[in-house]
Amino acid sequence: MKKRVSVVLIALIAIPAFCFAAVAAPQIFTFAGHNDVMTLDVSQMNDEMSALVMYALNEALIRNSYNNIIPGLAGSFDVSEDGTVYTFHLRDAKWSDGVPVTAKDFEYSFLRTLNPETGSSQVSELDSVLNAKAYYSGEITDTSLVGIKAFDDRTLIITLAYSDPFFISEMAEGINFYPIRKDYVEKYGMSYASSAQTFIGCGPFVLKEWVQGASITLEKNPLYWNAGSVKLEKVIELIIPDENTRVGMYDLGEIDAIYSISKVQTIMHPEYGSRSGGTLQYLAFNCSDGLVMSNMNLRKALSFAIDRASIVAAISSPGSLAIDRMIDPSIMLDGKPVTETYPNSMGVPPNGDVEQARVYLQKALSERGISKPSDLPTINYVCMDSPVHKQYAEALQAGWKDSLGINVEIKILPVPQAIGALLSGQFDIFLVGQSTGVDPDTIMNNFTIGNGNNYARWNNQEYSDLIAQQGDNPNILEKMLQLQRAEAIILDQSPVAPLWTPGSAYLHREYVKGLHYGRQTGSIEFIYAYIEH
């Protein structure tokens, strides 16, 4: 038998002391967000606002809270000596309707995410699990061969193909590691998790009401295993796209907090707080055959012409960082930023390089058989209808015109229609923000052939092969060297242009105690917050 290392998670030690403060004020917390939830289907979630709400409505095996890994539904877990077998021991917990939560609910959820028929874009989060890639790629169909097993109602065993130093952090921070009730999926089908009536969770709060595009109301879940530490009785998120409206409501005392404010508003509200990391903002260039951005040198010209640092300084919220590569510098390995240990081999200049951009432009014009930028086909930049996105689009448009003489047309669409254009490929340029995860390959997986998040529609076999090879490589040094090689390819061919890792500025009243703004999941953590007037 293998020697096993036991890891016990002690809830009371991990929960901040303020959770136990005496509380007398009405425990209702109201905050303003900018976008609606896209979905509450765990297998389909891939956006920030859905992750924020799910963090409060559901409970994973373990949870990242206040920058610490704390217990979720697993009171403890064992790890085999070789680091490949994780045995999670579930506590006595219930869904919000009183039905016991079992290991089968996790097994069903994880396998459903991996099932090719589900069409999840988040399957790479489970790449280190034994035979997970073979299952979601269709190489095998027998789920018994996948390393996810409910041994009994209270024991879940996950077997990895190799020791993965990022696995526990992924489980704690990932947005797709929650349980799912199979009977709800079967009962509601395509409508599952689209309303308060068709969703069920087992977390600190229950979904009382979801008025799409307007508001989300959560109420404390009395059946939550740690309900005694939850002080808030109700949480209301108002979905208000217009920033001036959000700030106006805050100034009038109508809301207790704002999820994010722009750089301009931080001047008016110097009491703001900020967080950073966890997301990469990049331009996706539609590389589909026949489209104007299928020309590599044109893509490189546009990328090199961008003065990222100036745009961040002028527009982006505090904590934002201009970036010259595809790996988030906030990702840590052995206590150090992974970008320090494995430096970039071929980046893009944060301050731009107009001279080099013009060299690429001349190559692009020559390849198209034209002599001047005005002869290029129309380049359509599809922009989401939000003040900050419009500012970014206009700054980029002006920079390309001034430095290269290239005209880019901006098409502003409401958020749902803009996302629809992104998914259907009806754009030439689109500003995308995606989670960088806790493993440096998380964001880079998106650009492999056939990946649902490969919005650039870029097909490079060498890149895809390298990403696949590093994913199966148990040697962390070799894995990172393969990632470096893949990163050099994508930066050279420029199907995307990395721009910055955005920070976020936020506001909340002094009487709201215990709020925390995390790096990724639970980006506004209010589970253990309370109101103290």
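**Entry 1: Asp 375 and Lys 372.** I began with Asp 375, which is partly exposed at a relative accessible area of 36%. Here buried means under 20% relative accessible area, exposed over 50%, and partly exposed in between, with a 1.4 Å probe and protein chains only. Lys 372 is partly exposed as well, at 40%. I found that their side chains meet in a salt bridge, 3.2 Å from N to O. By that I mean a side-chain nitrogen of Lys or Arg within 4 Å of a carboxyl oxygen of Asp or Glu.

**A note on the model.** This is a predicted model, so I kept in mind that local features need pLDDT of at least 70 and side-chain atom pairs count only at pLDDT 80 or more, while totals for chains, interfaces and linings use all residues. Residues are numbered from 1 along each chain as its sequence is written, and side-chain values use heavy atoms, leaving out hydrogens and water.

**Entry 2: the whole structure.** How many salt bridges does a search of the whole structure find? I noted 12.

**Entry 3: Asp 41 and Arg 112.** Next I looked up the salt bridge between Asp 41 and Arg 112, whose closest N and O atoms are 2.7 Å apart. Asp 41 lies in the loop between β2 (28-33) and α2 (48-57) and Arg 112 in helix α3 (residues 103-114), so the pair ties together parts 71 residues apart in sequence. Helices (H or I, at least four residues) and strands (E, at least two) are DSSP runs, numbered from the N terminus.
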